[in-house]
Amino acid sequence: NSFCTLLARRKMPGKKSTPQYEHVLRDPRFKKEVYEPEADSFLLLDALDIDRAAIRARATDGNVCRVLELGCGSGIAVTHAAMIATMLPSSDDDDDDGDSEAADGGGATKRRAACMAIDVNPVALEATRRTFDASVDEGLRRSGAATLELLRGDLMTPLSLRAKFDVLIFNPPYVPTSVDELNDAVRDARADKSWICAAWAGGPAGRLVVDRVLPVLHLLLEPATGAAYVIALEENLMDDMVRMVEHFSQGALTGRVAISRWTGEKLNVLKFFWREAAA
């Protein structure tokens, strides 16, 4: 369960950035209407940890690491990215445990993160704010070194496609379902009856939602340096997902499996990145 997974992460070297999300488990309204962090959520955190040095580098030297999470749910992924960018060391060997210049919230801080989280579920946005505020240093939040903007909407609809992000995170509804199951979930969500089914029902091959995002990844990622992290199952036809991104980006973007884990089903994080960054 998620509690055991959290304990395992906290015992692992360098896993010091697991956000506080106990409110999602304890508040009855969150527990009923918000996707509780599970194995896929923590796999995303581990994928971000792998790229911790690169994420932190995008937040230094006067730069701002811009993070977007689509379908934020509990908000642990976008919060984790903010903590990596502003509070945590670049690697497990670095004993800097959130150096003072970043943690004191003063003018000396050299690391900044501007985060955005989008969800159609207003309860998820509330949970995300709680997660962010409970996890990110108060001094950083007050100084504006770590910010979070919440937008209610359907995937990218609240965004200008002129916006560019260094880190894009997406844990889509990936479970293969019938079209009828997906339509029922969407109908209930639109009627504010229940949001939870819309968090996992992915339609045929689990692709109906994620396929709306893949064709525009190249428009959302910061040129040369931006990367996207997307949860997928093998049943989602991951090779085809990569081909779709390559096609619509005219070969500028590609993708690979960044990390996998067996949890009763084989979960994967697909990382999409600029080919020139891999050269």
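Just after helix α12, residue Q250 adopts a positive phi of about 55°. The model described here is a predicted one. Helix α12 itself spans residues 238–248, and among its residues M238, M241, V242, M244 and V245 are buried. When the helix is viewed down its axis, these buried residues fall within an arc of 155°, so they line one face of α12. An α-helix has 3.6 residues a turn, so residues three or four places apart point the same way. On the other side of α12, D239 and H247 are exposed. The buried residues of the helix pack against α11 (217–220) and β5 (227–233), and also against β6 and β7.

The chain as a whole contains 13 helices and seven strands. It has 279 residues, of which 52% count as buried. Among contacts with a separation of 6 or more in the chain, 77% are accounted for by residues 24 or more positions apart.

Strands of a sheet pair through backbone hydrogen bonds, either parallel or antiparallel. Both kinds of pairing are illustrated below.

Strand β1 takes part in two parallel pairings. With β2, β1 runs parallel and is joined by seven bridges; within this pair, C115 in β2 is the bridge partner of V67. With β4, β1 also pairs in the parallel sense, over four bridges, and I169 in β4 stands opposite E69. Strand β1 is mostly covered, since six of its seven residues are buried. The antiparallel case is provided by β6 and β7 (residues 266–274), which are joined by nine bridges. Here T254 stands opposite F273 in β7.

Strand β7 also holds N268. This residue has a relative accessible area of 2% and is therefore buried, the cut-off for this class being under 20%. A polar atom of the N268 side chain lies 3.3 Å from the backbone oxygen of K266. Leaving aside residues up to four places away in sequence, N268 touches L43, V230, I231, A232, L233, E234, M238, V257, I259 and S260. One of these contacts, M238, is also among the buried residues of α12.

Eleven of the eleven residues of α6 are buried; they include I76, H80, M83 and T86.

Several loop residues complete the description. In the loop between α5 (52–57) and β1 lies D61, a residue other than glycine whose phi is positive, near 55°. D61 has a relative accessible area of 71% and is therefore exposed, the cut-off for exposure being over 50%. The loop between β3 and β4 contains L155, which likewise is not a glycine and has a positive phi of about 55°. In contrast to D61, which is exposed, L155 counts as buried, at 10% relative accessibility. R162 is found in the loop between β3 and β4 and counts as exposed, with a relative accessibility of 73%. The C-alpha atoms of R162 and L221 are separated by 9.8 Å, although these residues are 59 residues apart along the chain.

Conventions:
Residues are numbered from 1 along each chain as its sequence is written. This is a predicted model: local features need pLDDT of at least 70, side-chain atom pairs count only at pLDDT 80 or more; totals for chains, interfaces and linings use all residues. Side-chain values use heavy atoms; hydrogens and water are left out. Buried means under 20% relative accessible area, exposed over 50%, partly exposed in between (1.4 Å probe, protein chains only). Contact means heavy atoms within 4.5 Å. Two strands pair if DSSP finds at least two bridges between them. The arc is that of the directions from the helix axis to the C-beta atoms. A polar contact is a pair of N or O atoms within 3.5 Å; within protein, one must be able to donate a hydrogen and the other to accept it, and residues adjacent in sequence count only if both atoms are side-chain atoms.
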